[in-house]
Amino acid sequence: MGLGLLSHTGRAAAATTSIGDGARVPALIIGSGYGGSVAALRLAQAGVDVHMIEMGKSWDTPGSDGKIFANTRTPDDRSFWLRTRTKQPLSNFLGFPIDKNVSRHTGILDAEEFSGITVYQGRGVGGGSLVNGGMAVTPNRERFGAILPSVDADEMYDVYYPRANAGLGVNEIDRAWFDTTDCYQYARVGRKHAERSGFDFVYVPNVYDFNYMKQEAAGNVPRSALAAEILYGNNHGKKSLQQTYLAQAAATGRVTISPLHRVTSVTPAPSGGYTVTIEQLNTGGGVTATKTVTAGKVFFAAGSVGTSKLLVKLKATGALPGLNNEVGKGWGDNGNVMCGRANHMWDATGSLQSSIPTVGIDNWEEGGAFAEVAPLPTGIETYASFYLSITNTPHRAQFSYNAGTGGVDLNWQTSWKQTSIDMAKSIFDKINRKEGTIYRTDLFGFYKIWGDHLTYHPLGGAVLGKATDNHGRLHGHPGLYVIDGSLIPGNTSVNPFVTITALAERNIDKIIDTDL
Ligand code: FAE
């Protein structure tokens with residue numbers, strides 16, 4: 001495709017394989033999201049052969065409709081991880097439930113349920129980058145000390161945030177186009193209301209290629225952001241990790257990936273290194289083989305929930321007895337809470353909405369909330385403004401092993417979301433007063449205002465400087481590292497993936513310098 005634009009035909013072919021039983025690898029990475037992809041690329045560039053184990057699919061083959069990914073209006077078996085009924089984050093529309101039956105498949109979005117909270121996560125080569133909104137936010141420097149107090153902020157802002165933004169292919173929307181295009185009318189209404197109430201309104205960079213989006217709007221290329229694609233993948237335009245870090249990693253010739261393989265155990269090997277137990281899955285979720293591999297070094301990059309669950313279980317069952325008591329602690333939801341507002345008829349938000357959010361309302365200092373103006377790409381005029389707020393919640397939960405079920409529980413409490421709701425209300429109560437508008441009550445159930453049952457941003461569980469040293473080396477077991485969102489203690493004040501990527505860049509630099 002010309003113009004340097006992205007389409008699935010330009011998707012980088014990651015070197016996928018099926019790891020052999022009994023294989024020996026110098027470095028094994030569990031998971032292929034942000035942390036895992038950074039580690040894979042930098043280790044490979046340093047001359048280390050890397051094998052990545054990813055429980056989800058490789059997402060490189062079109063389905064019967066000719067597309068790799070389904071859109072948000074017509075979810076199908078590609079959309080959810082091993083469910084027979086969809087569990088859409090917005091469960092209702094005009095009060096009516098919109099979930100539907102699908103066949104059980106290793107689909108792209110996992111709605112993982114713990115008591116009190118549903119945690120949404122991406123499944124597949126590329127992890128969360130497959131399903132997320134692409135909002136690429138570097139937190140305000142003044143707030144960084146509260147996020148990761150033990151990390152040198154100068155180094156992060158001078159070296160690692162710029163490196164992460166470059167590696168991720170972050171770009172900014174053309175403001176003149178934003179001001180005129182139909183597909184951001186909803187965001188302009190959000191801007192007008194925020195500014196009339198005196199809030200700081202910010203433009204947020206993204207990894208979606210805005211030049212491609214302009215071409216979509218002009219009718220020159222197949223639509224993706226303008227065809228309601230986001231939560232279940234983008235067929236075009238989005239620079240997810242397969243097009244960025246993983247494409248570069250594949251180009252080194254040193255990185256192979258085993259999709260549909262799930263790590264279940266890591267334990268010290270008698271001959272040095274670690275014995276890793278891996279289940280191979282079919283697309284129905286069944287286990288077709290169990291393999292044992294030996295790895296010199298193991299990087300936990302299974303995401304905050306995946307890494308925490310593994311470490312907590314491995315400590316409790318004695319597979320990794322040296323792990324300390326910080327493992328499983330410090331987990332947070334980044335204060336996520338959703339809501340909608342009902343606008344007046346003169347504030348139509350448009351029937352064509354880009355699924356890629358690109359603006360936000362910043363009331364962090366005064367009210368503890370940063371709200372992204374999110375799309376509702378239903379294809380019809382809804383007169384609704386929709387928001388995902390990130391709030392300064394103090395609540396942190398802990399994972400623990402449940403010997404009865406053999407699973408790992410999380411002690412999150414539903415009532416903890418009230419703090420986040422109060423912080424979000426610091427923005428939306430004021431806007432509603434000013435505009436003479438009300439909250440929508442039909443998006444999360446029958447007469448329910450707040451989407452307070454979920455998070456898109458799980459963080460923590462193996463916190464930097466607690467479960468690990470200041471660079472992600474797990475205490476008690478040399479050669480084991482954590483390199484994903486579980487290092488971050490529950491909150492980043494903004495959307496998290498740029499910080500996860502930058503921190504991974506910082507840590508792998510140190511590890512390559514000193515441990516290899
Ligand atoms: P992650 O990307 O989750 O990767 C972990 C990988 O490990 C996954 O591919 C798993 O399938 C795999 N895995 C787990 N357990 C195992 C196992 N036992 N064996 C093998 N593989 C395993 O981790 N963030 C932003 O900054 N901006 C946004 O706009 C944004 N929007 C979002 C929208 C949605 C709907 C969701 C769900 C998330 C969004 N996020 C956003 C959050 C972001 O995607 C998330 O913080 C990162 O993906 C986390 O990166 P990690 O590397 O920690």
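This is a predicted model: local features need pLDDT of at least 70, side-chain atom pairs count only at pLDDT 80 or more; totals for chains, interfaces and linings use all residues.

Trainee: How do you know that the span of H10 agrees with its 19 residues?

Mentor: At 1.5 Å a residue, H10 should span 27 Å, and its end C-alpha atoms are 26 Å apart, so the two agree.

Trainee: Where does H10 bend?

Mentor: At Lys425, by about 45°. That angle is taken between axes fitted to the seven residues ending there and the seven starting there.

Trainee: Which residues of H10 are buried, and what follows the helix?

Mentor: The buried ones include Ile421, Met423, Ala424, Ile427, Phe428 and Ile431, with Lys417 and Glu435 on the list too. After H10 comes Gly436, with a positive phi near 70°.

Trainee: Why is Ser91 called buried?

Mentor: Buried means under 20% relative accessible area. Ser91 has 18% relative accessibility, so it counts as buried. Ser91 is in the loop between strand E2 (50-53) and strand E3 (92-93). Leaving out residues up to four places away in sequence, Ser91 touches Phe96, Pro97, Ile98, Asp99, Leu443, Phe444 and Gly445.

Trainee: What makes up the lining of the largest cavity?

Mentor: Five nonpolar, four polar and two charged residues. Among the lining residues are Tyr34, Asn132, Lys238, Lys239 and Phe497. Lys counts as charged and Tyr as nonpolar.

Key:
Residues are numbered from 1 along each chain as its sequence is written. Side-chain values use heavy atoms; hydrogens and water are left out. On a 1 Å grid over the protein atoms alone, a cavity is a set of points where a 1.4 Å probe fits but cannot get out, and a pocket is an open set with protein on both sides within 12 Å along at least five of seven lines; lining residues have an atom within 4 Å of a point. Helices (H or I, at least four residues) and strands (E, at least two) are DSSP runs, numbered from the N terminus. Buried means under 20% relative accessible area, exposed over 50%, partly exposed in between (1.4 Å probe, protein chains only). Contact means heavy atoms within 4.5 Å. The expected span of a helix is 1.5 Å times one less than its number of residues.
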